[in-house]
Amino acid sequence: MRIGQLGWLGGLGTALALVACASAPPAPDAAIAAAVDAIYHAEDARVSDYAAQELRTAREKLDGARDAAQKARQDHSAKGLRQAQWLAEEAQADAQYAEAKAERERAQAAVRELKRSIETLSGSDGGGT
Amino acid sequence: MDAVAPRLHRLAALLASAAWLNACHSAPVKEQDLRQARSELAALEADPNLASRAPEAIQEAEAALREAEKQPSDATLAAHLVYMAERKVATARALAEARVAEDQVQALQAQYAPLEQAARAKARAQIDQREQWLSQQLADLQPQQTARGLALTLGAALFATSSGALKPEAETRLDLVADFLAQARERRVAIAAYGEGELEYGRAQKRAAAVKDYLLGRGVDEERIEVEVAISSEAPEAAGAPPGGIRLLITRPQEDDTPAPGG
């Protein structure tokens, strides 16, 4: 390992050694990027009309993941990096759930609207004018 | 760096809420939550209407759930995995239900389209019918269809030579026009005449006024009547008026102030 060349990597290695039950520290960057993608995707689908709360949770977790990653890098904390990774994964899962929920709500709203229209139209047809 | 501080507070709250305070400490996994997620996924997979609708999401949920069911000793990781599994199970169900509802939308649209078409056709037929009926009311007067509406003429012979008063035949015709206007309240009537030279102009004015007075007497609102007497047959406002006679133009309502048909 290039512990001697890169100071912070050395610290990370130390942190790794210190965290008893830690597995290899994941870099959270990919997970954060995936969460950003999922949130953008959900925003494009106008999710906030139907699942605003879920989308807000996703954004908060993404912020949390970024902050945790930044802090973990400053502190050379492998544990912090792992937590950042998990927060980012949860942000992505929240955004995907928000999108799925919004799709369902939107489609079910369309079903109700269509049923009402059909009822109105067949009612005016059948009933005497 | 300053901006980071408040965000770190939020992070702290998040971590607390996710029960991540005792990381690396073997705490009991929320087995209750795991069982709940497992039974929800099983219910989704067992539902013949839903299971086939979101196979990939179900697979993802299954994988996440298996991962969580390994119950790692790291309590933080365990809680994270349970959360992921719960979210993915919920996502799979929402997606499957969305697909079912979308299919319903398609089926309902197929049902709605012909109904809507029929309703439109019916409304259009009602308008056409009324239009036809209205023009039949005036058929005896042989109206001309013009871009602005129905045009009819009252020839010079329908007026008394000297006074400009209406002859009975003219009154019979104007009765039809008044009846028509009583039926078609959205329409207006424009009375046009012309007279070249002082004498003829004065006569044209008298005749136009006589027509207007007669219509007023038959109950047509004054604001629906417009009178236009020109000094020349060339004047556009007198277009179509016969020499010494009157042209009536029953105008169609403008597109933007058309009242509801059939009233």
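Helices (H or I, at least four residues) and strands (E, at least two) are, throughout this tour, DSSP runs numbered from the N terminus. The model is a predicted one, in which local features need pLDDT of at least 70 and side-chain atom pairs count only at pLDDT 80 or more, while totals for chains, interfaces and linings use all residues. Residues are numbered from 1 along each chain as its sequence is written, and chains are lettered from A and ligands numbered from 1 in the order in which they are written.

**The two chains**

Begin by colouring the model by chain and selecting chain B, which holds 7 helices and 5 strands; followed along the sequence, its pattern is α-α-α-α-α-β-β-α-β-α-β-β. Chain A, by comparison, has 4 helices and 0 strands, running α-α-α-α from the N terminus. A residue is called buried if 20 or more other C-beta atoms lie within 10 Å of its own, exposed if 12 or fewer do, and partly exposed in between, with the C-beta atoms placed from the backbone. On that scale 40% of the 129 residues of chain A count as buried, and 28% of the 263 residues of chain B.

Two residues are in contact if their C-beta atoms, placed from the backbone, lie within 7 Å. Of the contacts in chain A with a separation of 6 or more, 74% are made by residues 24 or more positions apart; the corresponding figure for chain B is 73%.

**Where the chains touch**

Next, display both chains together and select the residues at their contact, which takes 33 residues from chain B and 34 residues from chain A. On the chain B side, the elements that give two or more residues are helix H1 (4–17) and helix H5 (75–137), and H5(B) provides the largest share, 22 residues. By class this side of chain B has 19 nonpolar, 6 polar and 8 charged residues, where Ala, Val, Leu, Ile, Met, Phe, Trp, Tyr, Cys and Pro count as nonpolar, Asp, Glu, Lys and Arg as charged, and the others, Gly among them, as polar.

**Helix H2 of chain B**

Which residues of H2(B) are buried? They include B:Ala37, B:Leu41 and B:Leu44. These residues cover an arc of only 60 degrees around the axis, so they lie on the same side of H2(B), the arc being that of the directions from the helix axis to the C-beta atoms. Among what covers the buried residues of H2(B) are helix H3 (48–51), helix H4 (55–69) and H5 of chain B.

B:Glu31 counts as exposed because 11 other C-beta atoms lie within 10 Å, and its C-alpha atom is separated by 8.8 Å from that of B:Gln71, 40 residues apart along the chain.

For a contrast, select B:Tyr83, which lies in helix H5 of chain B; B:Tyr83 counts as buried because it has 22 C-beta neighbours inside 10 Å. The C-alpha atoms of B:Tyr83 and B:Leu34 are separated by 9.2 Å, although the two are 49 residues apart along the chain.

**The nonpolar cores**

A nonpolar core is a set of buried Ala, Val, Leu, Ile, Met, Phe, Trp, Tyr and Cys residues joined through C-beta atoms within 7 Å. The largest has 55 residues, and those with the most contacts inside it are A:Ala35, A:Ala65 and B:Ala85. Helix H2 (29–44), helix H3 (48–75) and helix H4 (78–126) of chain A, together with H2, H4 and H5 of chain B, each supply at least two residues of this core, and its largest share, 17 residues, comes from H5(B). Centre the view on B:Ala85, which, leaving aside neighbours within four places in sequence, is in contact with B:Ala37, B:Ala61, B:Ala64, B:Leu65 and B:Ala68. A second, separate core of 28 residues includes B:Ala170, B:Val177, B:Val189 and B:Val211.

**The sheet of chain B**

Finish with the strands of chain B, 5 of which form an open sheet with mixed pairing in the order E1-E2-E5-E3-E4; two strands pair if DSSP finds at least two bridges between them. The edge strands, each pairing on one side only, are E1 (144–145) and E4 (225–230). Strand E2 (residues 149–154) and strand E5 (residues 246–251) run antiparallel and are joined by 6 bridges, with B:Leu154 standing opposite B:Ile246 in E5(B).
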